Amino acid sequence: MDSATTLPFTLSPSTSPVPPQRRAEILANPGFGRVFTDNMVVIRYEEGKGWHDARVQPYAPLSLDPAAAVLHYAQEIFEGMKAYRTAEGHITLFRPQANAARFRKSAERLAMAQVPEDLFVEAVRQLVRIDAAWVPGNPDESLYIRPYMIASETFLGVKPAAQYLFMVIASPVGAYFGEEAVSVWVSDFCRAAPGGTGEAKCGGNYAASLMAQQEAKGHGCAQVLFLDAVERRWIEEMGGMNVFFVFDDGSIATPPLTGTILRGITRDSLLTLARGMGLTVREERYAIDQLYADAASGRLKEVFACGTAAVVSPIGRFRGHRGEAVIGTGAGIGPVTEKLRNALIGIQRGTAPDPHGWVERVL
Ligand code: PLP
Ligand code: COI
């Protein structure tokens with residue numbers, strides 16, 4: 001790892017922020033990911049020089065050379081995390097060190113410069129502090145934070161770049177899905193193969209998932225479920241979230257971390273919370289044919305998706321070339337899903353104790 005573990009930040013924030021009245025209108029109905037705060041963080045890397053020139057500056061378009069490596073070979077990684085406004089008016093982050101660690105692993109897999117974890121978290125704190133007025137206060141809302149890194153070197157040779165930009169932007173967001181249980185399309189496309197980049201949070205994984213996502217929409221589904229690439233049988237994860245199953249004996253299961261799925265921080269947190277509730281928890285493979293059989297027999301009671309954007313969202317049905325599997329009544333949220341969701345949200349929003357030390361107060 002090159003350079004200091006953190007850096008001094010030059011603060012030159014926007015001198016023409018969105019007026020408070022307009023910001024209040026946006027925060028009243030933020031949607032997801034279309035509106036951004038007044039500022040951004042930009043930090044540069046150059047081989048031999050390390051990380052330098054950390055700035056908090058106005059949110060604005062980038063100027064990139066048309067031959068910048070990211071535009072050709074997709075050397076890009078990102079993270080997704082949220083800042084919350086508590087009832088007391090504090091602003092908090094949820095497990096930011098976990099995002100920093102995952103970002104470092106993604107960088108390693110994409111042969112990119114590694115952002116020191118302390119620098120990553122400090123960059124996030126800097127942006128959240130300066131744009132604190134953008135953190136919504138309503139229960140389902142938060143400030144979605146998107147740290148990311150691109151290869152900025154001007155060069156068309158295929159090799160790891162020698163220059164990078166690490167940036168952080170933020171967007172006030174509401175719920176990713178509506179209230180209803182979502183329908184999920186079981187794709188025949190694969191997202192990730194053993195030895196590939198499935199475990200890294202790189203833009204290329206998402207580009208490769210879009211055709212499947214488009215197909216899902218065409219079948220009236222909000223999300224896509226991917227199976228493993230070798231046997232086309234084992235459930236892996238969704239386009240942008242992990243998946244959990246709740247059985248009639250009260251146990252819960254989620255696919256294991258075999259290298260082809262993202263190591264979700266929400267997934268990890270829910271496993272810890274479920275164990276703390278005394279639930280039997282399994283990280284084990286679950287075959288799609290078994291899901292159809294268990295949905296039909298009633299053994300499978302609830303299924304939910306989880307992730308930073310989705311939080312915990314019930315899945316009501318699966319569709320695909322095997323036909324349709326309806327989970328429970330196909331609507332609403334099941335009791336175990338709701339209990340886990342409330343436990344997680346309680347900690348994230350500061351309405352419940354934080355026994356695992358997951359919450360960091362920023363302001
Ligand atoms: N899986 C994929 C493919 C994702 O994009 C995400 C979202 O970040 C997740 C799982 C859930 O990860 P986390 O809970 O860390 O947000
Ligand atoms: C996240 O939850 O942070 C993601 O990256 C998923 C995406 C659907 C927004």
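Colleague: On a 1 Å grid over the protein atoms alone, a cavity is a set of points where a 1.4 Å probe fits but cannot get out, and lining residues have an atom within 4 Å of a point. Which residues line the largest cavity here?

Modeller: The lining consists of Gly80, Met81, Lys82, Tyr84, Phe94, Asn99, Ile265, Thr266, Thr308 and Gln348. Please note that this is a predicted model, in which local features need pLDDT of at least 70 and side-chain atom pairs pLDDT 80 or more, while totals use all residues. Residues count from 1 along each chain, chains are lettered from A and ligands numbered from 1 as written, and side-chain values use heavy atoms without water.

Colleague: What is the volume of that cavity?

Modeller: The largest cavity has a volume of about 70 Å³, taken as the space filled by probe spheres set on the grid points.

Colleague: And how many cavities does the whole structure have at 30 Å³ or more?

Modeller: The search of the whole structure gives 2 cavities of that volume or above.

Colleague: Changing topic, which residues come nearest to ligand 1?

Modeller: Ligand 1 has 17 residues around it, and those that come nearest are Lys201, Tyr206, Glu237, Thr266 and Thr308. A residue belongs to such a group if one of its heavy atoms lies within 4 Å.

Colleague: Which polar atoms lie by the oxygen atoms of ligand 1?

Modeller: In the side chain of Arg102, an N or O atom is 2.8 Å from an oxygen atom of ligand 1. Lys201 places a polar side-chain atom 2.7 Å from a ligand 1 oxygen, and for Ile265 a polar backbone atom is 2.8 Å from one. Of the 390 Å² that ligand 1 exposes when taken alone, the protein buries 97% (Shrake-Rupley areas, 1.4 Å probe).

Colleague: Which polar atoms lie by its oxygens?

Modeller: A polar side-chain atom of Tyr144 is 2.5 Å from an oxygen of ligand 2. Lys201 has a side-chain N or O atom 2.8 Å from a ligand 2 oxygen, and Ala309 contributes a backbone N or O atom at 2.9 Å. Ligand 2 taken alone exposes 280 Å², and the protein buries 88% of that.

How values were computed: Polar contact = N/O pair within 3.5 Å; in protein donor to acceptor, adjacent residues only side chain to side chain. 1 Å grid on protein atoms, 1.4 Å probe; cavity = no way out; pocket = protein on both sides within 12 Å on 5 of 7 lines; lining within 4 Å.
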